[in-house]
Amino acid sequence: PAAFMAAVLSADMDHTDKVVTLIDECRRMDLTLLPPDINRGLHAFTVTDEGAILYGLGAVKGVGEAAIEAIVETRTAGGPFANLFDFCRRIDPRRVNKRAAEALIRVGAFDPLEGHRAALLATLNQAYTLAEQESRAADAGQNDMFGAASAEAGPAPTPQLVDCPRWSTAERLTAERESLGLWLSGHPIEAYETELGRLVDCRLAEVQRFEGRNVRIAGLVVGSRTLSKGRRMTFVTLDDRTARLDVTLFDEQLASAPDLLARDRLLVIEGAVSVDDFNGGFRIRAEKAQSLPAARAGRGRGGTPARRSS
């Protein structure tokens, strides 16, 4: 199962919506999914000796194939990277620039090494600068700034990571989404799952059970786009960790609460489920859209409870 899911994830790594659903499928299958790893990862999703699925470096936005090849080649030739400074010293900056390294830090690829993500990111410029200085010194026949020094001067001081606070859970998840297109080590909706279980009919991955009928679902806004062809329509993409789903909203549903579409806003939607002819999946034409507080208040006033199917 792990090898099969790794292959499927690799085939769809450029399609974030599909990856979200596949990751949830791995969770349901009790398969362990590990974050990208600078010392073990390859371009594709792979399976470790322990049977876990290792996230493919090729799925990290901003890290191109040439950069991944350089990382794997350097690691194969000289062994695992010891720390951030060792990585920057050994890697070719023309093939792996700071932007690519930053993306890898954001998604946790450097987590097995010393330091936390905030400290690694805060130190990245310094590490690249030291590596560049060492390279120039080596070209000029001078001593190594990372350790070697003249007998008179003694050993050079070991560079240290910047001392700074760790990221909060929200900051960590935001960084993952920016570089992966999805939340990996957790999901903001987890804090509301117990309450949503009493408010909604199903998770987004299960809406096909309600095809042709109305359903109440919830998810976080991860994107939206508006079309004005006669009647203005807004297409909102929701994510509830199990899947992503497009919901169609009209101006009258947004008139009283235009901020409903703010990124990461948790929406509760009621509407009809139909097949999406564009991607072969499902979509919802909303009849009612509410923030969680509004849906919570409506339920408190005796609103319709969530409908459970057998």
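Our tour of this predicted model begins with two helices, H1 and H2, which are roughly antiparallel to each other because an angle over 145 degrees counts as such and their axes cross at roughly 170°. To see them, select residues 2–11 for H1 and residues 16–28 for H2; the two axes come within 10 Å.

Next, show the side chains where these helices meet. On the H1 side, pick Met5, Val8 and Leu9. Their partners in H2 are Val19, Leu22, Ile23, Glu25 and Cys26. Sorted by class, this contact has seven nonpolar residues and one charged residue, with no polar ones.

Now move along to Asp30, in the loop that runs between H2 and strand E1 (33–34). Is Asp30 buried or exposed? Asp30 is exposed, as its relative accessible area is 70%. Look at its backbone too: the phi of Asp30 is near 60°, a positive value in a residue other than glycine.

For another positive phi, jump to Arg241, where the angle is about 85° although this residue is not a glycine. You will find Arg241 in the loop between strand E5 (231–239) and strand E6 (244–250).

As a last stop, colour the chain by pLDDT. The chain averages 89, and 90% of the residues score at least 70. Then select residues 149–154, where pLDDT stays under 50. How many contacts beyond four places in sequence does the model have for residues 149–154? The model has five. Where pLDDT is low, the predicted coordinates should not be read in detail.

Terms used. Residues are numbered from 1 along each chain as its sequence is written. This is a predicted model: local features need pLDDT of at least 70, side-chain atom pairs count only at pLDDT 80 or more; totals for chains, interfaces and linings use all residues. Side-chain values use heavy atoms; hydrogens and water are left out. Axes are lines fitted to C-alpha atoms, for helices over the stretch in contact, and angles run from 0 to 180 degrees between N-to-C directions. Helices (H or I, at least four residues) and strands (E, at least two) are DSSP runs, numbered from the N terminus. Angles under 35 degrees count as roughly parallel, over 145 as roughly antiparallel, 65 to 115 as roughly perpendicular and the rest as oblique. Contact means heavy atoms within 4.5 Å. Ala, Val, Leu, Ile, Met, Phe, Trp, Tyr, Cys and Pro count as nonpolar, Asp, Glu, Lys and Arg as charged, and the others, Gly among them, as polar. Buried means under 20% relative accessible area, exposed over 50%, partly exposed in between (1.4 Å probe, protein chains only). pLDDT is the predictor's confidence in each residue, from 0 to 100.
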